[in-house]
Amino acid sequence: MANQTHIRGLIEQESRSTDPLLDWWHPVGWSADFGEQPTQVVLLGRALAVWRDADGAARCFRDLCVHRGTALSLGKVSDGKLACAYHGWTYDGRGKCLAIPQLAADAPVPASARALVFACEERYGLVWVCLGTPRAPIPDFPEWDAPGFRHAACPPYAWQCAAPRMVENFTDFGHLGWLHDGLLGSRDDLEVPDHAVQTEDGTLRYSLTMRVPAAEGINDLSGPNGLMTNDYVLSLPHAIHLRSRYHDTGRSRVLFFAVRPDSATVSTGFCYQSRDFDLDGDDRRYVEFQETLAEQDRVVVESQRPEELPLDLADELHLKFDRVAVAYRKALSAYGLLT
């Protein structure tokens, strides 16, 4: 999944550090992208090997064999065990080396022959990894198991920017009608309604009621435009849950968005477009709608400098309609996630 030239540059950053992001869950890819054979991904500048054991459970190792530093993602899985491509050293799902073919059959395997294993879970059709000790649960997606909802997975969005830049885009109400004219708002109605944000336990909650266009039926309205209330839950460090409730119909469209920080300046976003209407409709319409929005955003967000969010709020001009973005930066700083 990862570009090898890019990996070699990132591998230099892999020495274990005090990066506080190590202690949070991050999505590393769609569950469907990981089969029995190992796949390499990059998270926080670290190369990982993700594979499935004999029970089909996702496993995540540091992508490095303890013997000669070979990428374990080049290896093969057989009988639920991962064998290194170079010398055949074979590891179980807990990282223990079970076999070293070069040793005599009765020779013990050194206890230090272990792969570095990271916490790995599957939820919402995504594989999540924590490189340290989790300090918060995986972000909540309450509609995932709710009856009456249909979920459409969007292609991953690979952007040349820091993950907080990608997430902060969802806190910026000022751009909706201007950049997404005719899709999420209108340039004829740009005033941002008053709103508030509550921050507690690493979660930001905020809501906004606005008038939106029908956008060719993507927004479930009874006319060409109508009122929509957006209820956001932003889970630190890089996840957004957005439920858009349509006043005309009482139905909802939900967006769940979580970002993998590949490195300090490269990020990959994973997104669902979910809905409790048009349940027999074509998912592609909703996916393409989200792709259009994402591409409009990508060009702008990738142009932002510095690439990482500024630590000092005085480095940029903030107005009252930027209060959520300011709250997000303050929350990141409070948890040591913005340095």
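Residues are numbered from 1 along each chain as its sequence is written, and side-chain values use heavy atoms, with hydrogens and water left out. Because the model is predicted, local features need pLDDT of at least 70 and side-chain atom pairs count only at pLDDT 80 or more, while totals for chains, interfaces and linings use all residues.

Start with the strands. Strands are DSSP runs of E with at least two residues, helices are runs of H or I with at least four, and both are numbered from the N terminus. Two strands pair if DSSP finds at least two bridges between them. S5 and strand S6 (residues 81-83) run antiparallel and are joined by 3 bridges. Ser78 stands opposite Lys81 in S6.

S15 (225-235) and S16 (239-246) form a hairpin with 3 residues between them. These two strands run antiparallel, joined by 8 bridges. Ser235 has Ala239 in S16 as its bridge partner. Ala239 also has a partner in S17, namely Ala258. S16 and S17 run antiparallel too, with 7 bridges. Their hairpin has 5 residues between the strands, and Gly250 there takes a positive phi near 80 degrees. How many residues of S16 are buried? The count is 6 of its 8, so S16 is mostly covered, where buried means under 20% relative accessible area, exposed means over 50%, and partly exposed lies in between (1.4 Å probe, protein chains only).

Next come the aromatic rings. A pair of aromatic rings is described by the distance of the centres and the angle of the planes. Here, rings of Phe, Tyr and Trp (its six-membered ring) pair if their centres lie within 6.5 Å. Planes under 30 degrees apart count as stacked, over 60 as edge-to-face, and the rest as tilted. The count comes to 18 aromatic pairs. In one of them, the ring centres of Trp30 and Phe270 are 5.6 Å apart and the planes stand at 90 degrees, so the pair is edge-to-face. Trp30 lies in strand S1 and Phe270 in strand S18 (residues 267-275), so the pair ties together parts that are 240 residues apart in sequence. Trp30 counts as buried at 9% relative accessibility, and Phe270 counts as buried at 1%.

Another pair is Trp51 and Phe61. Their ring centres are 5.4 Å apart with planes at 80 degrees, so this pair is edge-to-face. Trp51 lies in strand S3 (residues 46-52) and Phe61 in strand S4 (residues 58-62), so the pair ties together parts that are 10 residues apart in sequence. Trp51 and Phe61 are buried. Ring pairs also link Trp30, Tyr124, Trp128, Phe141, Trp144, Phe256, Phe270 and Tyr272 into a cluster.

What about the cysteines? A disulfide is a covalent bond between the sulfur atoms of two cysteines. The test used here is a pair of cysteine sulfur atoms within 2.5 Å. The count is 0 disulfides. Cys154 counts as buried at 2% relative accessibility.

On a 1 Å grid over the protein atoms alone, a cavity is a set of points where a 1.4 Å probe fits but cannot get out. A pocket is an open set with protein on both sides within 12 Å along at least five of seven lines. Lining residues have an atom within 4 Å of a point. Grid points are joined across faces, edges and corners, and a volume is the space filled by probe spheres set on the points.

The structure holds 2 cavities of 30 Å³ or more. Of its 28 lining residues, the closest to the centre are Phe170, Leu184, Leu242, Leu255 and Leu293. H4 gives the largest share of this lining, 5 residues. The second largest cavity has a volume of about 50 Å³. Its lining includes Trp128, Ser235, Ala239 and Ala258. The largest pocket has a volume of about 380 Å³. Of the 20 residues lining this pocket, the closest to its centre are Asp19, Leu21, Leu44, Ala264 and Glu308.
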